[in-house]
Amino acid sequence: GRESHRATDRGVADVLRPALDMIALPRGMERRWASEAVEQRMRYAGLTWVGREFAAARWALLWLGILLAVAVGVLRGWDLLGQFLALLMVGSAFFGPGIWLQWKSERRRMEIDIALPDFLDRLALGLDAGLGFEVALRRTAHDFRGLLGEHLRRLVRQLDRGHPRTEALRDMADQTPSDDLHAFVAAVQQSDRLGTSLARSL
């Protein structure tokens, strides 16, 4: 399932982390590939690495692509096909990780956006039935499937630990690229601040 896949991702990261820490990065590449924007995309993609580790992995992959490109070029005698394959390998090694990160982030955004209307309908039904927000949230999150369900159950655990509702909601929104989920969080915060009906807003 999804939880075992995430555990596998964390296990791979733990195994690679010591090797990645030993890789020397050019300062310019580290600034570019380990920026705050890159770290935000990594959170959106659900990765547990920090920016510097991702940058080191990209740097190592780039050199691997260059070595493979040279090997293919030499084996082909640097004919037209050999040059094309060499350029393809270097280009894939350079641009591939960034494209993959963007794709993974977008895929998660779409999954959340698709599931959000169903969640809002269930939550609104609970509120219309007279349940408080946190009770309705717990009941809805308990068996809600998919990525959104994981985020909701993490939100409930934070509330159980005593985190303020506003802070827990903001933290959940910050972990996802979904504008619709950000709009939901804003609606809850506005309802808390103004005392308006959240069920009607949903």
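Guide: One term before we start: contact means heavy atoms within 4.5 Å. This is a predicted model, where local features need pLDDT of at least 70, side-chain atom pairs count only at pLDDT 80 or more, and totals for chains, interfaces and linings use all residues. Residues are numbered from 1 along each chain as its sequence is written, and side-chain values use heavy atoms, with hydrogens and water left out.

Visitor: OK, then what does Trp59 touch, leaving out residues up to four places away in sequence?
Guide: Its contacts are Ile23, Ala24, Leu25, Pro26, Met29 and Trp33.

Visitor: And which helix does Trp59 lie in?
Guide: Trp59 belongs to helix α4. Helices here are DSSP runs (H or I, at least four residues), strands are E runs of at least two, and the numbering goes from the N terminus.

Visitor: Is Trp59 buried or exposed?
Guide: Trp59 counts as buried, at 16% relative accessibility. The cut-offs are under 20% relative accessible area for buried, over 50% for exposed, and partly exposed in between, using a 1.4 Å probe and protein chains only.

Visitor: How far apart are the C-alpha atoms of Trp59 and Met22?
Guide: They are separated by 12 Å, and the two residues are 37 residues apart along the chain.

Visitor: What kind of aromatic pair do Trp59 and Trp63 form?
Guide: The structure holds five aromatic pairs. The pair of Trp59 and Trp63 is edge-to-face, with 6.0 Å centre to centre and 85° between the planes. For the rule, rings of Phe, Tyr and Trp (its six-membered ring) pair if their centres lie within 6.5 Å; planes under 30 degrees apart are stacked, over 60 edge-to-face, and the rest tilted. Both residues sit in α4, four residues apart, which is about one turn of the helix. Trp63 is partly exposed at 43% relative accessibility.

Visitor: Which residues do ring pairs link into a cluster?
Guide: That cluster consists of Trp33, Phe94 and Phe95.

Visitor: Switching topic: how many salt bridges are there?
Guide: The count comes to eight. A salt bridge here is a side-chain nitrogen of Lys or Arg within 4 Å of a carboxyl oxygen of Asp or Glu.

Visitor: Where do Arg52 and Glu30 sit?
Guide: Arg52 is in helix α4 (residues 51-75) and Glu30 in helix α2 (residues 27-33), so the pair links distant parts of the chain, 22 residues apart. Their salt bridge spans 4.0 Å, N to O. Arg52 is partly exposed at 25% relative accessible area, and Glu30 is partly exposed too, at 29%.

Visitor: Which residues do salt bridges join into one network?
Guide: Let's build up to that. Glu134 and Arg138 meet at 3.5 Å, N to O, and they are four residues apart in helix α6 (residues 133-142), about one helical turn. Asp160 also forms a salt bridge with Arg138, at 2.2 Å, N to O. Asp160 lies in α7 and Arg138 in α6, so this pair ties together parts 22 residues apart in sequence. Through shared partners, Glu134, Arg138, Asp160 and Arg165 end up in one network.

Visitor: Is Asp160 buried or exposed?
Guide: Asp160 counts as exposed, at 53% relative accessibility. Arg138 is partly exposed at 30%.

Visitor: Now the helices. At what angle do α5 and α7 pack?
Guide: Helix α5 (residues 80-128) and helix α7 (residues 146-160) pack at about 75°, with their axes 7 Å apart. Axes are lines fitted to C-alpha atoms, for helices over the stretch in contact, and angles run from 0 to 180 degrees between N-to-C directions. The two are therefore roughly perpendicular. Angles of 65 to 115 degrees get that label, under 35 is roughly parallel, over 145 roughly antiparallel, and the rest oblique.

Visitor: Which residues of α5 and α7 meet?
Guide: From α5 there are Arg108, Glu111, Ile112, Ala115, Leu116 and Phe119, and from α7 Gly146, Leu147, Leu148, His151 and Leu152.

Visitor: And how do α8 and α9 pack?
Guide: Helix α8 (residues 165-174) and helix α9 (residues 179-194) pack at about 170°, with axes 9 Å apart. That makes them roughly antiparallel.
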